Amino acid sequence: MKSYDVIFIHPPRVLKPDNGKKAKSVRTSFIFIPMGVFAIADFLEREGFGVKIINYPLEQYLNPNWSLIDYIRTIDFKICGIDLHWIHNAHGAIEVAQIVKEVKPNTKVVLGGFSATYFHTQILKYYRSIDGIIRGEGEIPLLKYVQNIKQNQSLDSVPNFSYRNSSNHIKTNSLSYTAKTLDNLNFTNTSILKNAKQYFECSRKIMGISFNLPIGRGCPFNCPFCGGGQRALQHLAGRNEVILRSPEKVIEDITTIIDTYKVPSLFFGHGAYPANLKYWKTLFGLIQKEKLDIGGDLEIWRLPFPKEMWKIFYRTFPRRFSSVSISPRTLSTKVHQRIAKICDPTFKFPKNQIEDLIRNANLFQRTLRIWLTVGFPFQTRLDVLKDFNFAVKCMFKYGKTNSKPIIIMNEPYHIFPGSPAFDSPKSFEINLNYNSFPQLNEFFKQAKMSFFYNAINYDTKIFSSATISYFNKLLFLSTALTMMTTGNKSPEKKKK
Ligand code: SF4
């Protein structure tokens, strides 16, 4: 029997999707493993521990009859780590923990990730199958935990750790570890993932992205619905500043991934904004210098994104499988101004700068995705109507030809734990419908897997969650043509 010190299981949303084979391949099955899991698993391996990563939704996708129970009966392990980073995995993570405990009662089960961190006391209070939670950033804390368990030592010295002690009290060790650099971590040791090759192939097929490339940790901004912004990370992980990996390390990763899997494109796991454009220029310059032939998906987190950047992007990445995305959510300046006042003065997406992006995307023939939503805080019916009007105009102007690469995307949102709107819904004039962990566990158990995102957990003053869902579907359908005709179809060669 194969034996490991630690196995990591990426949980599904639900163990058995209720709507048959289709459900397995929809985006909402959340096949992506959080990027940090690879680094943590590799870190343990380099310290001499035997590790394995198992991606439950991937296994389920590859073989509908795959059974976690049967699989873990064939291996031996002492500790099981389950990522509960995105709240969508709330139900799946708890179910997987229960299965592991039932099949291997002596195994220690620990959770990690932002959502587990946010709800650490509630999870330990209500779910006995969880032995502990690594809060915030995990590489050193998990290593220390594994060492202490192996040597039968007390857990009070494990940083960032919450657990139930022998008297059944919840103990919360201090949040004393936050990484100072990421350059000692390896994010591409994919040999420790079961079915790694299929993971990259299916990620592209199901999620539209082949490989998520870690660039840094932290974010200087505070978008209303995001649980990974500056204040959330300060609170959850003790992270006070953004750190970026050295461009040379990122290049090493790209080379490894291209050599091993021949993926067509990379998604950069950190966005572009005025304060870090120099970093992107250096990185893109190195990609050109090394002649790495791969597409790139880059997000713009804050404007402006000058013409010079478009030119560099154009020179670095082929048109095929490359894109730039921006998420103003709405084009209403009034809405942006109110958000800016409450939670983030940099939340500005002026229409003239969006128009500049459109102009430059057309000039340099690179796909631009503009993400909108219906149901953003403070959005009025008139704002929504104007956004529809903008989207439909774009559809008519750019939607019929492959040479005009503007795509209007939209999706309803989930308000993530730790986000400004989750922590202070009244300031955003919204009503949060589920805010305790047991409620969210139940919510995600019930939420059907579907093509359209449906895990909406709030109502605004004007729109109920049902209306938000309905109008987002309508907006999606109104602009679907831009998705079908633009972007990836032309295999145009890079011009130098
Ligand atoms: S959504 Fe906003 S706060 Fe969250 S990571 Fe992106 S830019 Fe930062």
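This is a predicted model: local features need pLDDT of at least 70, side-chain atom pairs count only at pLDDT 80 or more; totals for chains, interfaces and linings use all residues.
Local features were considered only at pLDDT of at least 70 and side-chain atom pairs only at pLDDT 80 or more, whereas totals for chains, interfaces and linings use all residues. Residues are numbered from 1 along each chain as its sequence is written.

The protein chain contains 20 helices and 17 strands, taken as DSSP runs (H or I, at least four residues, for helices; E, at least two, for strands) and numbered from the N terminus. Its radius of gyration is 22 Å, close to the 23 Å that the globule rule gives for 496 residues, so the chain is as compact as a globular protein of that length. The radius is taken over C-alpha atoms, and the rule is 2.2 Å times the number of residues to the power 0.38. Along the principal axes, the C-alpha atoms fill a box of roughly 65 × 55 × 45 Å. Of the 496 residues, 48% are buried, that is, 20 or more other C-beta atoms, placed from the backbone, lie within 10 Å of their own. Contacts are defined by C-beta atoms, placed from the backbone, within 7 Å; among those between residues at least 6 apart in sequence, 77% join residues at least 24 apart.

The domain assignment, from an automatic or database source, gives domain 1 (2-136 + 138-172) and domain 2 (197-413 + 456-485). Their C-alpha centres lie 30 Å apart, and the contact takes 15 residues from domain 1 and 14 residues from domain 2. On the domain 1 side, helix H3 (56-62) and helix H6 (114-118) are the elements that give two or more residues. By class, this side has eight nonpolar, five polar and two charged residues; Ala, Val, Leu, Ile, Met, Phe, Trp, Tyr, Cys and Pro count as nonpolar, Asp, Glu, Lys and Arg as charged, and the others, Gly among them, as polar.

Helix H2 (residues 35-46) reaches 18 Å from its first C-alpha to its last, close to the expected 16 Å, which is 1.5 Å times one less than its number of residues. Nine of its twelve residues are buried, so H2 is largely enclosed by the rest of the structure. Among them are Val37, Phe38, Ile40, Asp42 and Phe43. The buried residues pack against strands E1 (2-10), E2 (51-55) and E3 (75-83) and helix H8 (139-150). Just after H2, Gly48 takes a positive phi of about 100°.

Terms used. Two residues are in contact if their C-beta atoms, placed from the backbone, lie within 7 Å.
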